[in-house]
Amino acid sequence: PQSELESIEMEIKLLKYLQHPNIVTYIDVIPEPKEGYLNIVLELCEQGSLASILKDFGKFEEPLTCKYVSQVLKGLDFL
């Protein structure tokens, strides 16, 4: 539906202007009209997501948890 497309377009516009070290950077959008897809290209996070790091290495020690929580909160505060 049109409202979904408008919502996606608004999010893409927002992503273009978010510049913060604790927010993944938007790079581009690649439409796939035949398949009905929009591919949003973001910067590579070499370490992966927090979920994947937890899965691979298990629970975090407190100092590392503090570091990750601090980074997430800084990104959220920027938003």
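**Pocket lining, core and cysteines**

The lining of the largest pocket comprises eleven nonpolar, six polar and two charged residues (Ala, Val, Leu, Ile, Met, Phe, Trp, Tyr, Cys and Pro count as nonpolar, Asp, Glu, Lys and Arg as charged, and the others, Gly among them, as polar). The model is predicted: local features need pLDDT of at least 70 and side-chain atom pairs pLDDT 80 or more, whereas totals for chains, interfaces and linings use all residues. Residues are numbered from 1 along each chain as its sequence is written, and side-chain values use heavy atoms, without hydrogens and water.

A pocket is an open set of points on a 1 Å grid over the protein atoms alone, where a 1.4 Å probe fits, with protein on both sides within 12 Å along at least five of seven lines; lining residues have an atom within 4 Å of a point. The volume of the largest pocket is about 550 Å³ (the space filled by probe spheres set on the points, which are joined across faces, edges and corners). Asn22, Val24, Cys45, Gly48 and Gln71 are the closest to its centre among the 19 lining residues. At least two lining residues come from each of helix H2 (50-57) and helix H3 (62-78) (helices are DSSP runs of H or I, at least four residues, numbered from the N terminus). H3 gives the most, with six residues.

Cys45 is partly exposed at 37% relative accessibility, and Cys66 is partly exposed at 44% (between 20% and 50% relative accessible area, 1.4 Å probe, protein chains only). The structure holds zero disulfides (pairs of cysteine sulfur atoms within 2.5 Å).

Tyr26 touches Ile12, Leu15, Lys16, Ile40, Val41 and Leu42, leaving aside residues up to four places away in sequence (contact: heavy atoms within 4.5 Å).
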